[in-house]
Amino acid sequence: MAGATSSEEAVKAAKVLMVGAGGIGCELLKTLALSGFSDIHIIDLDTIEVSNLNRQFLFRQSHVGQSKAKVARDAVLKFRPNINITPYHANVKDSHFNVDFFKQFNVVLNGLDNLDARRHVNRLCLAAEVPLVESGTTGFLGQVTVHVKGKTECYECQPKPVPKSYPVCTITSTPSKFVHCIVWAKDLLFAKLFGDKNQDNDLNVHSKDDTSSKTDVFERNVDEDLEQYAQRIYDHVFGYNIEVALDNKETWKNQRKPDPIYIRDALPEGAVQQNGRSQDHMNDEQDPSAMVSLGFRNSQEIWSLADNSRVFLEALKLFFEKREKEIGSLIFDKDDQLAVEFVTAAANIRASSFGIPLHSLFEAKGVAGNIVHAVATTNAIIAGLIVIEAIKVLKGDYQGYRMTYCLEHPARKMLLMPVEPFEPSKSCYVCSETPLVLEVNSKTTKLREVIEKVIKSKLGMNLPLIMVGATLVFEDGEDLEEDEIANYALNLEKVLAELPAPVLNGTTLTVEDLHQELKCSINIKHRDEFDEEKEPDGMVLAGWSGPVDKQITSNGENRPVPSSSNTEDVDGTAEDISAKPGMKRKLNEILEAKENFDAHENPSDVGSSSAQVVEDDDDDELVVFDEDPRQSKKKRLQ
């Protein structure tokens with residue numbers, strides 16, 4: 001009873017910060033309120049979308065477009081009117097959410113939707129010395145981890161998984177999986193037809209018609225009607241471009257040759273003329289939809305080649321008829337029905353050409369939007385585990401901290417797998433202040449490049465301050481004088497060796513973010529040349545491991561893939577994550593650790609688990625990756 005009383009007292013006296021009010025956040029706020037917490041603050045930048053309503057149970061249709069944090073507060077106060085809930089409809093990276101703001105809380109509970117914000121909160125919690133409880137779910141999988149400065153590893157002690165990238169040659173020439181066709185349809189064809197015309201694109205734009213004066217076959221002729229234009233694009237990308245690819249005999253020696261598909265092959269001439277325009281299914285007040293126009297109602301049905309061809313032609317025409325003003329600035333969005341219809345049809349036609357099984361619109365949307373569908377029950381389980389760990393933190397029960405993994409299938413009759421936390425990594429530049437090493441050509445590389453490619457992109461600093469010895473060479477912030485801004489702007493364009501305090505081989509940079517109260521050292525190692533393919537940044541940072549943007553790699557050049565609009569709601573990784581290399585859960589070391597812990601056998605010798613579970617994008621998803629347990633042994637907390 002004494003333990004229960006101390007728990008109640010700790011809960012009643014606690015001031016808690018929740019970051020994120022989405023899938024996990026709704027369950028968490030409810031559980032906190034019902035567990036006796038009476039002073040809860042919530043930060044969330046997002047507004048409620050229709051797609052949230054199937055699991056974020058505090059929201060209703062009438063709330064669409066409103067602040068998640070504010071609506072969640074109002075919903076909970078209806079059944080717990082006597083507690084204090086303070087919502088902030090804002091970005092946790094805003095300057096007023098600084099270290100002093102974080103210091104007022106006894107514990108921070110994360111349910112964020114991107115790694116950058118997670119790193120930011122991790123650093124603020126370290127600086128404020130406030131415990132952080134992290135979490136993530138995707139489908140039936142979930143995790144909860146505890147991070148306490150000096151006692152457990154921080155969120156950034158472990159490397160994060162690298163999102164999947166695909167070589168452009170595979171995407172454009174030799175696709176072997178449906179996801180390759182989706183990437184082609186979404187990031188190349190859709191972008192070429194409806195996106196920024198000035199953006200690099202690897203699609204062949206040259207027609208077989210040598211008499212044409214056009215340099216880009218995707219440009220529409222002035223006197224060309226939409227029907228002709230749509231069919232010409234169809235024949236070019238699915239017919240002529242495949243014929244061009246077949247000319248390279250060497251490519252097809254050991255793999256199946258694709259079949260060129262022309263509109264005359266997929267649809268009889270009469271069917272082409274009758275395509276769409278079924279007024280019974282058209283509603284000008286609704287958002288344009290090729291499925292509605294054609295009378296297709298089942299999104300889980302796999303369309304035939306002919307039906308995919310009809311949807312492709314109809315969707316393309318609807319974009320030009322109904323959304324012409326948007327053409328040139330469109331980016332694929334998983335919540336844009338017409339865009340999903342176009343990409344599904346295009347991917348299926350290409351898949352048919354390469355002998356790849358076709359997919360339904362429902363399945364294609366999941367792949368295109370990186371969707372792993374959320375399970376509300378998993379969110380509820382994880383929210384409960386977060387509160388359990390938060391109570392341990394508030395009681396100061398360091399020995400009781402657990403990282404808990406929620407499994408899809410029972411392992412030795414267990415669905416919840418608790419593991420002791422690891423000690424802080426001595427090589428972590430965030431919590432252990434271990435110096436980093438930057439290999440760079442100090443005679444040709446500008447300070448601006450180092451700031452953009454390393455300090456902001458890789459290290460995640462928002463307002464960096466850079467010193468060389470006692471000399472301040474750059475500072476970013478709102479309170480700078482005009483002459484300071486001008487002076488730092490000049491330094492940005494100078495190469496490292498020509499700065500007021502020259503940066504040469506052996507120089508140490510001190511880099512600090514005053515907002516995050518994070519400081520680290522970077523030792524400079526001069527290097528004359530870099531491999532353009534393997535080291536496209538022209539510099540290499542050692543001692544750092546972090547998230548990498550999803551990319552298409554083309555001839556050694558890494559270019560960001562246009563992303564869908566924040567694919568962070570019901571979304572996880574594309575395709576079946578259990579089938580991806582490096583994504584399968586290996587539980588043997590976790591199970592062994594559990595057995596050893598239960599038997600109280602020398603906990604310092606227990607090997608770390610091989611499965612690291614890292615939430616990548618959303619409050620409803622995580623990514624799992626493996627590492628060699630022999631190389632990642634850590635001491636357990638004593």
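Predicted model: local features only at pLDDT ≥ 70, side-chain atom pairs only at ≥ 80, totals over all residues.
**Entry 1**

**Entry 2: strand S6**

Next I went to strand S6, residues 141-147. Is this strand enclosed or open? I found that 7 of its 7 residues are buried, so S6 is largely enclosed by the rest of the structure.

I reminded myself that side chains in a regular strand alternate between the two faces of the sheet. Here, Leu141, Gln143, Thr145 and His147 are buried on one side of S6. Gly142, Val144 and Val146 are buried on the other, so both faces are covered.

Which strands pair with S6? I found strand S5 (residues 132-138) running antiparallel to S6, joined by 7 bridges. One pair I checked was glutamate 134, whose bridge partner in S6 is threonine 145. S5 and S6 make a hairpin with 2 residues between them, and glycine 139 in the turn has a positive phi of about 60°. I also found strand S8 (residues 403-411), which pairs with S6 in the antiparallel sense over 3 bridges. There, glycine 142 stands opposite cysteine 406.

**Entry 3: an open sheet**

I then traced an open sheet of 6 strands with mixed pairing, in the order S12-S11-S13-S14-S10-S15. At its edges I noted S12 (471-475) and S15 (539-542), each pairing on one side only. Neighbouring strands in this sheet are turned by 25° against each other on average, direction ignored.

I followed S15 to its partner S10 (residues 436-440): the two run antiparallel and are joined by 4 bridges. Valine 440 has methionine 539 as its bridge partner in S15.

Where does glutamine 516 sit? I found glutamine 516 in the loop between S13 (508-513) and S14 (518-526). Its relative accessible area is 1%, so glutamine 516 is buried. Its side chain makes a polar contact of 3.1 Å with that of arginine 123.

Last, I looked up aspartate 187, in helix H7 (residues 178-194). I wrote this one down as buried too, because its relative accessibility is 5%. A polar contact of 3.4 Å joins its side chain to that of lysine 186.

How values were computed
Residues numbered from 1 in each chain as written. Heavy atoms only, no water. Buried < 20%, exposed > 50% of the residue type's maximum accessible area, 1.4 Å probe, protein only. Polar contact = N/O pair within 3.5 Å; in protein donor to acceptor, adjacent residues only side chain to side chain. Pairing = 2+ DSSP bridges. Axes fitted to C-alpha atoms, helices over the stretch in contact; angles between N-to-C directions.
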